[in-house]
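Here is a protein model to read together.

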Amino acid sequence: MVIVVLIGLWLITVIEALKNSNTYLQKTRQKIIAINLAREGMEQMINIRNTNRQKRAGEKEETRLKLNPSIDESSDWLQNDLWFGSGNYIILTTTMDNQQYFYASGVNQPLIIDNGIGNTGNLKYSLCETGWKRSGCPGQIPQSTEGYFFRKIEGKWLFKKESSTTGGEPINCPTGEDTNCSTSSAKEFRFCSIVEYIGNGVGKVELCSVLTNFEK
């Protein structure tokens with residue numbers, strides 16, 4: 001009788017240990033997915049800059065930090081939402097002339113994920129599983145067995161880079177209010193790629209970098 005009880009207690013301990021181990025592995029996998037999605041967001045931002053560089057090679061340097069390389073925005077730099085700047089963005093794709101382009105779209109709502117999907121504004125940052133990858137599906141609830149993932153690009157600001165200014169001079173290009181926007185001076189966009197997720201756990205990954213209109 002004592003042996004049976006001891007074996008039962010041992011089995012319960014083993015089962016609990018396996019359950020805890022499985023939960024840990026699931027949470028770890030979620031974190032790895034989030035890190036990869038954040039890195040992907042940074043790579044897509046670089047892709048937008050480089051596509052601008054290729055499509056507008058004969059134009060001034062500032063065109064490389066435009067939001068959408070598939071649209072000829074260079075004729076009127078005073079239009080709204082043409083440049084990267086402060087605020088939140090999502091990255092989407094568009095097709096033109098049988099070519100697929102990444103582009104950024106501005107979103108004002110904050111991304112707050114604590115113990116649930118949150119409000120409608122948060123869904124604009126949702127990532128949906130499509131085959132082997134996850135891509136933006138703004139406004140839809142993401143479906144996945146591994147949890148829900150949300151990504152935003154948080155623009156810290158756009159800076160005019162000159163040796164005379166320490167850290168760069170902030171300029172307000174998204175609304176075209178600053179005449180420095182149309183110059184060919186070196187510019188630097190500081191941003192963070194942020195992924196928040198819920199599922200087996202709740203977590204957040206934040207990776208930050210800079211983009212310059214000069215590929216140096």
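Q: Where does K161 lie?
A: Start with the elements. Helices (H or I, at least four residues) and strands (E, at least two) are DSSP runs, numbered from the N terminus. K161 lies in the loop between β5 and β6, and β6 covers 169–171. Two notes on the source. Residues are numbered from 1 along each chain as its sequence is written, and side-chain values use heavy atoms, with hydrogens and water left out. This is a predicted model: local features need pLDDT of at least 70, side-chain atom pairs count only at pLDDT 80 or more, and totals for chains, interfaces and linings use all residues.

Q: Is K161 buried, exposed or partly exposed, and why?
A: Look at relative accessible area. Buried means under 20%, exposed over 50%, and partly exposed in between (1.4 Å probe, protein chains only). K161 is partly exposed because its relative accessible area is 31%.

Q: How many residues apart along the chain are K161 and T212, and what separates their C-alpha atoms?
A: They are 51 residues apart along the chain. Their C-alpha atoms are separated by 9.2 Å.

Q: Which helices and strands does the protein have, and how do they run from the N terminus on?
A: There are two helices and eight strands. From the N terminus on, the order is α-β-β-α-β-β-β-β-β-β.

Q: Which strands does β7 join by bridges?
A: Two strands pair if DSSP finds at least two bridges between them. β5 (residues 148–160) and β7 run antiparallel, joined by 12 bridges. One example: K152 has I194 in β7 as its bridge partner. β7 is also joined to β8 (residues 202–212), by 11 bridges, and this pair runs antiparallel. Here E188 has T212 in β8 as its bridge partner. β7 and β8 form a hairpin, with three residues between them.

Q: Which residues have the most contacts inside the largest nonpolar core?
A: A nonpolar core is a set of buried Ala, Val, Leu, Ile, Met, Phe, Trp, Tyr and Cys residues joined through side-chain atoms within 4.5 Å. The largest one here has 19 residues, and M45, F84, Y89, L158, F189 and F191 have the most contacts inside it. α1 (2–55), β1 (87–96), β5 and β7 each supply at least two residues of this core. α1 gives the most, with three residues. A second, separate core has 11 residues, including Y103, L111, Y125 and I198.

Q: How many aromatic pairs does a search of the whole structure find?
A: Rings of Phe, Tyr and Trp (its six-membered ring) pair if their centres lie within 6.5 Å; planes under 30 degrees apart count as stacked, over 60 as edge-to-face and the rest as tilted. The search finds five aromatic pairs. F84 and Y89 form an edge-to-face pair, at 5.6 Å centre to centre and 70 degrees between the planes. F189 and F191 form a stacked pair, at 5.7 Å and 10 degrees. F84 and Y89 are buried, and F189 and F191 are buried too. These four residues form one aromatic cluster.

Q: Where does the charged end of R190 sit?
A: A charge sits over a ring if NZ of Lys or CZ of Arg is within 6 Å of the ring centre and within 35 degrees of the ring normal. The charged end of R190 sits over the ring of F159, 3.7 Å from its centre.

Q: What does T51 touch?
A: Contact means heavy atoms within 4.5 Å. T51 is in helix α1. Not counting residues up to four places away in sequence, T51 touches P69 and Y101. T51 counts as buried because its relative accessibility is 11%.

Q: Which residues is I35 in contact with?
A: I35 is also found in helix α1. Leaving aside neighbours within four places in sequence, I35 is in contact with V205 and L207. I35 and V205 are 170 residues apart in sequence and 6.1 Å apart in space, C-alpha to C-alpha. I35 counts as partly exposed because its relative accessibility is 32%.
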